[in-house]
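Reader: I would like to see how the labels on this model follow from their cut-offs. Please set each value against its definition.

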Amino acid sequence: MTDERSKVSLTLDRDFMRGVFVALAAGLVLAFTGAFGMGHTPFWFRVAYWEPIMLMGALWGHLCSMMIGRYIDADRRPWTAALVMTAVISGPLAVMVWTATTLWFDDDRSLRLDRLVDFLAPVTVVTGVLCVLNVFLDRTPPQTHAAPAGSAPVRFLERLPPRLRGATLRAVQAEDHYLRLHTDRGSDLILMRLSDAVAELAGMEGAQTHRSWWVAREAVRDVRRGDGRATLILDGGLEAAVSRRYARALRDAGWF
């Protein structure tokens, strides 16, 4: 089995691609409006400036959000998550923008520290808007669907440890860098990220109900509510968390 440790978090997963899309769209808006005093420059020039800047910000923001996500649950505290992300991302990003702008616009390409402060406020504003959008746009749970008859076997099932081969998979739970596979024959751990697992679960009817859980739909037997949250009761009494972020979409889809 390929060592999943080599798949460092730079994998182009769903969260990163959403961030790239939002960043590119924002870059076009900034270019079209001639934001920050660039209205006198040609449109193509503004696009050529803003799009690389926004892509650079998307990459840095993705790395920061993964780090922050280990300590702040965006489901419980979305505004706190957006605020902390803005604070962590803005400073280094302002330095990047200051450097890129100097090299792009200034003939002498002299990096003057006294001009760095001019970039802090606008970079923080743009970063804050994008952080809020990314936190609150992520409301649709990643879902997997049953494959038509005769399709290839579900790829993820090949990762089941030998003692669980042929078992019915009920849920996948993230535990640090590992995944706990819950089946009708017990559970075991494998080294993998949940986002990669969800991609390989195509062909099984299920959904990611929480940032730490993927659940097979046929395993759901009941739902328990309390403290404004829902918990799915699965076969064997297993309990899977449902985040506030995904609750409405799952409810609308008839999961509970």
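Reader: Why is Arg224 called partly exposed?

Author: Buried means under 20% relative accessible area, exposed over 50%, and partly exposed in between, with a 1.4 Å probe and protein chains only. Arg224 has a relative accessible area of 39%, so the label is partly exposed. Glu239, with a relative accessible area of 39%, is therefore partly exposed as well.

Reader: What makes Glu239 and Arg224 a salt bridge?

Author: A salt bridge needs a side-chain nitrogen of Lys or Arg within 4 Å of a carboxyl oxygen of Asp or Glu. In Glu239 and Arg224 the closest N and O atoms are 2.9 Å apart, so the pair qualifies. By this rule the count comes to seven salt bridges.

Reader: What should I know about the model behind these values?

Author: The model is predicted: local features need pLDDT of at least 70, side-chain atom pairs count only at pLDDT 80 or more, and totals for chains, interfaces and linings use all residues. Residues are numbered from 1 along each chain as its sequence is written, and side-chain values use heavy atoms, with hydrogens and water left out.

Reader: Is Cys64 buried or exposed?

Author: Cys64 has 2% relative accessibility and therefore counts as buried. Cys131, with a relative accessible area of 5%, is buried too.
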